[in-house]
Amino acid sequence: MIRLYELCASDPDLVFSPYCWRIRLALAHKRLAFDSVSVGFMDKDKIAFSGSRLVPVLTDGDTVVSESLDILEYLDSTYGQAPLGLDSESGRARVRFISELILRHITPQIFKPALMAIYEAQPDCAKGYFRESREQRFGCTLEQLHGTASAADASRALAALEAQLKNIPYLDGTQPGATDFVVVSHLIFTWVFGFQYWKDDSAVGQWFNRLLDAYVAVMGPVKRQIHPAASRYAPA
Ligand SMILES: N[C@@H](CCC(=O)N[C@@H](CS)C(=O)NCC(=O)O)C(=O)O
């Protein structure tokens, strides 16, 4: 049995971690059943057995894998159905590069508007840890970072995606693969809180909905917690 240890907020059904979404989408794509184990910021002792302090962690029988890209590679090499495109060195290298691009050039812009919503969704016992660890990482307070959020920046960050998806249904071609799951997970991350920086009829919007519909058909509806500030960042 596959078990996925994934980050949860106060509401254990609210899955927001982009790294965990990468794995959820791949498992659904491959039609692999799994048990989800919720791990809050303050109960990471649940994953101590893995040697990792971060989720996702996946166990499959006696096999333990951490790091989302390693998990995707494990799933693709172990379960051949509905390939993710990670069976070649070039495929694996491309997805790792895309992941870096997303983390450096897209996630910061789309994360900042949603930052306080993510903070508020944590249980009280985790809020202090979330604040302290993120303020140390960013070198400023959550409020200062959130204060630099801009709807225009968030939308501009998606420009390369929009251009590419005008020509092709999926980033991996005619079928979705690891590139799609790695990228869309970072959009789902803020979308679960209501932050949608694209229009439904844009190329990004149509691609997002295709991927989400395929996931929902297998896994059922996605839990969301819409934040009142989210509508301020909707595209005009
Ligand atoms: N490189 C890791 C990153 C995983 C990661 O950053 N996970 C976050 C959740 S989004 C986490 O576990 N954070 C726990 C913490 O900050 O204490 C991967 O790709 O799996």
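Along the principal axes, the C-alpha trace spans about 45 × 45 × 30 Å.

Before going further, a word on the model and its numbering. This is a predicted model, in which local features need pLDDT of at least 70 and side-chain atom pairs count only at pLDDT 80 or more, while totals for chains, interfaces and linings use all residues. Residues are numbered from 1 along each chain as its sequence is written.

The protein chain has nine helices and four strands, where helices (H or I, at least four residues) and strands (E, at least two) are DSSP runs numbered from the N terminus. Starting at the N terminus, the order of elements is β-α-β-β-β-α-α-α-α-α-α-α-α. Of the 236 residues, 37% are buried; a residue is buried if 20 or more other C-beta atoms lie within 10 Å of its own, exposed if 12 or fewer, and partly exposed in between, with C-beta atoms placed from the backbone. Among contacts with a separation of 6 or more, 74% join residues 24 or more positions apart. Two residues are in contact if their C-beta atoms, placed from the backbone, lie within 7 Å.

The protein chain is assigned two stretches, domain 1 (2-78) and domain 2 (89-233), with bounds that come from an automatic or database domain assignment. Their centres, taken over C-alpha atoms, are 18 Å apart. Domain 1 brings 20 residues to the contact and domain 2 brings 26. On the domain 1 side, α1 (18-29) and α2 (68-78) each supply at least two residues, and the largest share, seven residues, comes from α1. That side of domain 1 divides into 12 nonpolar, three polar and five charged residues. In this count Ala, Val, Leu, Ile, Met, Phe, Trp, Tyr, Cys and Pro are nonpolar, Asp, Glu, Lys and Arg are charged, and the others, Gly among them, are polar.

Helix α1 deserves a visit of its own. Its 12 residues reach 16 Å from first C-alpha to last, close to the 16 Å expected at 1.5 Å a residue; the expected span is 1.5 Å times one less than the number of residues. Because 12 of the 12 residues of α1 are buried, the helix is largely enclosed by the rest of the structure. Its cover includes β1 (2-7), β2 (34-39), β3 (57-60), α2, α8 (178-191) and α9 (203-219). After α1 comes arginine 31, with a positive phi near 55°.

Now to the loop between β2 and β3, where lysine 44 sits. Lysine 44 counts as partly exposed because it has 18 C-beta neighbours inside 10 Å. Leaving aside neighbours within four places in sequence, lysine 44 is in contact with Val39 and Arg53.

Finally, turn to the ligand. The residues around it are Leu7, Ser17, Tyr19, Phe41, Leu54, Val55, Pro56, Glu67, Ser68, Leu69 and Ser133, each counted as near if its C-beta atom, placed from the backbone, lies within 6 Å. This shell divides into seven nonpolar, three polar and one charged residue.
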